[in-house]
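Trainee: I'd like to learn how to read a protein model. Could you walk me through one?

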Amino acid sequence: APNVALLDAADREGVLIWDENHRNGQDAEMEALVRRDRNHPSVIVWSICNENFCSTDSESADAKRLKELVHRLDPLMGRVVSANSNVLNGPETPLDVQGFDYSSDQYDQWHELAPNIPAISSETSSAYSDRGVYQNNPTDGHVRDYDTEFPPWGATAEAAWRSILQRPFIAGGFTWTGWDYRGEPTPDGWPDVNSHFGIVDLAGFWKNRAHWYHACWTPLSDRPVLHLLPHWNWQHEEKLRGVDVWAYSNAEEIELVHPNGSSLGRLKSRACSHVVWPAVAFEPGRLEAR
């Protein structure tokens, strides 16, 4: 369950909350959660459980009972009940909204099985990276800050959200995770002690992936967004092999200008995507995108 201070901030800032119970089948816990949080307008979904915590001897029956409890305790706000659990999905689901947990390659199949039941991506991506790092280093526990790294169950932010945005039957999604956190040091283990899943790091600073989200969800009519990566303070080895340069933008075209003044070309940019100039020769100075 979210901290009350987080709910208060979400109410003020317009952040939408997936309010999650700890375990399926625990009626008293679900009731306490709903009674505590039902006056927060930021809460839009009551979640019965998450992944392994959805497993009981009577999963569907327990979920159905908790859903009925939620609607009895919160009858007026029009909120729906879901769960971050693929085993509770399907045409006989006890949920108001199916929660698709990763597995974007199964979205279409699941929709065919239950085409009239709403669905949302209850957890997606799990891409990982570290702010300002551009080479993987398992010894130091660092993951490069391009949107290329993800675990076997996940996907890059761009790929995960493309699977959602291209399917009108999916209402939206919840990215794992907004912030880095202590624990689950993925992909590397000890002595690494924190996760790398966050869109922002432990101090709240944006990683490059945050700029992808910014460009994707900011209409050009509101303001232009253009973010160039990586940094341009390289040493001798990058002079030899060149640097892959990415840009995130909501513009239709982007031009890259080398420090020597030459244009490296204008590239067309699709919405919620990125453009790449591979192996750009390093030269000290100002690398500019426009």
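Trainee: What share of contacts between residues at least 6 apart in sequence join residues at least 24 apart?

Mentor: A contact means heavy atoms within 4.5 Å. Among those contacts in the protein chain, 57% join residues at least 24 apart. A word on the model: it is predicted, so local features need pLDDT of at least 70, side-chain atom pairs count only at pLDDT 80 or more, and totals for chains, interfaces and linings use all residues. Residues are numbered from 1 along each chain as its sequence is written, and side-chain values use heavy atoms, leaving out hydrogens and water.

Trainee: How many disulfides are there?

Mentor: A disulfide is a covalent bond between the sulfur atoms of two cysteines. Here we call a pair of cysteine sulfur atoms within 2.5 Å a disulfide, and the count comes to two. Cysteine 49 pairs with cysteine 54, with sulfur atoms 2.1 Å apart. The torsion about their S-S bond is about 105°, so this disulfide is right-handed.

Trainee: And which cysteine is joined to cysteine 216?

Mentor: That is cysteine 272, with an S to S distance of 1.9 Å. This pair links distant parts of the chain, 56 residues apart: cysteine 216 is in helix α6 (residues 208-216), and cysteine 272 is in the loop between β10 (263-268) and β11 (275-280). Helices (H or I, at least four residues) and strands (E, at least two) are DSSP runs, numbered from the N terminus.

Trainee: Is cysteine 216 buried or exposed?

Mentor: Buried means under 20% relative accessible area, exposed over 50%, and partly exposed in between (1.4 Å probe, protein chains only). Cysteine 216 has 16% relative accessibility, so it counts as buried.
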